[in-house]
Amino acid sequence: MTVPHTAHLPPPPGSLRVLVRPVAMLAGFAALAALAGRMPWVRHMLMVGPGLHAGPQGAMVFVLAASVFCAFGLPRQAVCFAAGAAYGIGAGCGLATLATVAGCLCGYGWGRWVGGVGVRLPARLGSVMARLGDFVRREPFAAVLTWRLMPVGSALVLNLACGMLGVRVVPFALATLLGSLPQTVVFVLVGSGMRFDGPWRTITAVVLFGLSALVGLWLMRRVRAGQGARVRVWS
């Protein structure tokens, strides 16, 4: 049975074409930051205007909204970009990381509940869970870390699978934190370009993005070699 593309596993080792979509996303956000950063009223609003994001209460609202966004499996890169634009690099990385981990834990908790009550899954989702199951059960930390580092795949499916398969919450949360951090820094850097000038931000983001993707592909190669499994390309 055909599995929807949004639920496929990451690609086989060495398949660089899967990076086309993430690279296009990075380029789009970089272009948006460059364009919006040239608008004086945008920069004024982000840096000196009161705005909805200002103050502790604004940060709490941002984290709450961003956590819900991530919990539904929507692109967390957008959250990181917004955090960089609104709060800069340091605070932006902290808030985006908090929202990412909280959102993933929500999906994980949902998966634990579904697994506990024995809800019958749709055939397509069940097929994906079966593909994930073996490696996630044997090496939960390495599995979650690998998929977080890869800039492709469905975060929501991974969260649900880990919860349903009974992965312990500490390895799941720690692997999510470490694996998501490189992309968090990348897109926060790009978003911060709306506040401050300097091509070094975009250059640094591109370099970090490339390193993160290469590490993810290398880990995936090791995973595939260890499993000996054949899984279709996520595209």
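**Figure 1. Confidence and overall make-up of the predicted model.** The protein chain averages a pLDDT of 76, with 67% of the residues scoring at least 70, and the structure shown is a predicted model. Over residues 1-14 the pLDDT is below 50, although this stretch has 53 contacts in the model beyond near neighbours in sequence. Residues 229-235 also have a pLDDT below 50, and for this stretch the corresponding number of contacts is 29. Where pLDDT is low, the predicted coordinates should not be read in detail. Among the elements of the protein chain, confidence is highest in helix H8 (residues 169-192), at a mean of 92, and lowest in helix H2 (residues 40-47), at 58. The secondary structure comes to 9 helices and 0 strands, and 46% of the 235 residues of the protein chain count as buried. Of the contacts between residues at least 6 apart in sequence, 83% join residues at least 24 apart.

**Figure 2. The largest nonpolar core, viewed around Phe-62 and Val-190.** This core has 27 residues, and Phe-62 and Val-190 are the members that touch the most others within it. At least two residues each are supplied by helix H1 (20-37), helix H3 (55-71), H4, H8 and helix H9 (199-227), and the largest share, 11 residues, comes from H4. When its neighbours within four places in sequence are left aside, Phe-62 is in contact with Val-79, Ala-82, Ala-83, Tyr-87 and Leu-95.

Figure 3. Apart from neighbours within four places in sequence, Leu-219 is in contact with Thr-146 and Leu-149. The C-alpha atoms of Leu-219 and Ala-143 are separated by 9.3 Å, while the two residues are 76 residues apart along the chain.

Figure 4. Helix H6 (residues 140-149) is largely enclosed by the rest of the structure, because 7 of its 10 residues are buried. The buried residues of H6 are Ala-143, Val-144, Leu-145, Thr-146, Trp-147, Arg-148 and Leu-149. In helix H7 (residues 155-164), 7 of the 10 residues are buried, so H7 is likewise largely enclosed by the rest of the structure. In H7 the buried residues are Val-157, Leu-158, Asn-159, Leu-160, Ala-161, Cys-162 and Gly-163. Just after H7, Gly-166 takes a positive phi of about 75°.

**Figure 5. The buried side chain of Arg-76 and its partners.** Arg-76 is found in helix H4, which spans residues 76-117. Although Arg-76 is buried, this residue has no salt bridge, and the nearest side chain of opposite charge, that of Glu-139, is 21 Å away. A polar contact of 3.0 Å does join the side chain of Arg-76 to the side chain of Thr-184. Leaving aside neighbours within four places in sequence, the residues in contact with Arg-76 are Cys-70, Thr-100, Ser-180, Gln-183 and Thr-184.

How values were computed. Residues numbered from 1 in each chain as written. Predicted model: local features only at pLDDT ≥ 70, side-chain atom pairs only at ≥ 80, totals over all residues. Heavy atoms only, no water. Helix = DSSP H or I, 4+ residues; strand = E, 2+ residues; numbered from the N terminus. Buried < 20%, exposed > 50% of the residue type's maximum accessible area, 1.4 Å probe, protein only. Lys, Arg positive; Asp, Glu negative; His and termini not counted. Salt bridge = Lys/Arg side-chain N within 4 Å of Asp/Glu carboxyl O. Polar contact = N/O pair within 3.5 Å; in protein donor to acceptor, adjacent residues only side chain to side chain. Contact = heavy atoms within 4.5 Å. pLDDT = per-residue confidence, 0-100. Core = buried A, V, L, I, M, F, W, Y, C linked by side-chain atoms within 4.5 Å.
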